[in-house]
Amino acid sequence: FVPALGDRKKAEALSDGWKKHLTPVRSGEVPVVCALARRSLGGSNELATLATYRVASRGTVIGQPEPSVGVIPGLGGTHTLLRSVPPESRGRIVEMLLTGDPIDAEEALALGLVQEVVAPSDLIERAVAAARGEIEPPPFEKGPFSVVIPESLPERNGEGLELDRSYVAFLAETIEGVSQRTFEDAQRYESERSGIAFTHSAARIGVRALLSGKRPEFEKSGA
């Protein structure tokens with residue numbers, strides 16, 4: 001992330017480069033089964049949501065922690081999670097995206113974000129069996145979809161971290177924007193927005209805090 005801070009073109013290229021490798025997971029003809037263990041966060045979760053089928057072990061946490069880093073999910077996360085769940089689950093996914101707060105495997109199952117939850121000792125065996133057998137792929141919305149952005153955007157995450165307000169507003173606008181586009185167009189739009197996000201102060205503060213292992217202190221003005 002560091003070389004891309006403040007550089008829109010580099011940041012956009014970073015997002016596009018990863019997408020070039022990840023998008024075939026969704027568009028390819030071969031079904032892909034993901035086994036989720038312990039943590040499926042950030043880029044790894046964006047990869048998982050492109051898969052045909054997801055099996056998680058109990059105790060796994062799933063989420064997009066980007067709000068605490070000041071960057072937006074740039075590998076499809078602003079829309080692939082929403083495309084992977086039924087319409088009635090999208091409100092909870094939007095909340096998860098805007099706060100960065102993770103959910104556990106059981107809630108992910110209830111939302112439709114994963115298709116099975118098993119004991120950790122059974123995870124690999126079950127995932128392989130699913131890949132070898134007949135699985136029923138969950139819906140994945142490739143066209144525009146409906147989503148409701150809350151009127152009152154979150155100011156803090158579940159750990160009490162005060163979020164950058166302009167960042168949260170920018171992320172909310174991005175989520176609304178991708179919802180109005182097809183999967184392919186949303187991928188391009190998200191990369192553009194990711195590039196812009198890397199020029200904001202939230203990214204500079206959040207990435208440096210992440211590297212130092214410290215809690216970020218975003219600008220109060222949200223500039």
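This is a predicted model: local features need pLDDT of at least 70, side-chain atom pairs count only at pLDDT 80 or more; totals for chains, interfaces and linings use all residues.
Residues are numbered from 1 along each chain as its sequence is written, and side-chain values use heavy atoms, with hydrogens and water left out.

So, α1. Helices here are DSSP runs of H or I, at least four residues, and strands are runs of E, at least two, numbered from the N terminus. Helix α1 covers residues 8-27. At its start, a side-chain oxygen of Asp7 comes within 3.2 Å of the backbone nitrogen of Lys9. Further along there's a kink of about 40 degrees at Lys20, shortly before Pro24; that bend is the angle between axes fitted to the seven residues ending there and the seven starting there. Its buried residues (under 20% relative accessible area, 1.4 Å probe, protein chains only) include Ala11, Leu22 and Val25. They pack against α2 and α8, with contact meaning heavy atoms within 4.5 Å.

Next, the sheet. It's open, with 3 strands in the order β2-β4-β5 and mixed pairing; two strands pair if DSSP finds at least two bridges between them. β2 and β5 are the edge strands. β4 and β5 run antiparallel, over 2 bridges, and Val61 sits opposite Asp104.

Beyond four places in sequence, Leu111 touches Val85, Pro86, Ser89, Arg92, Ile93 and Ile103. Ile93 is 18 residues away in sequence, yet 8.4 Å from Leu111, C-alpha to C-alpha.

Technical notes: The expected span of a helix is 1.5 Å times one less than its number of residues. Buried means under 20% relative accessible area, exposed over 50%, partly exposed in between (1.4 Å probe, protein chains only). A polar contact is a pair of N or O atoms within 3.5 Å; within protein, one must be able to donate a hydrogen and the other to accept it, and residues adjacent in sequence count only if both atoms are side-chain atoms.
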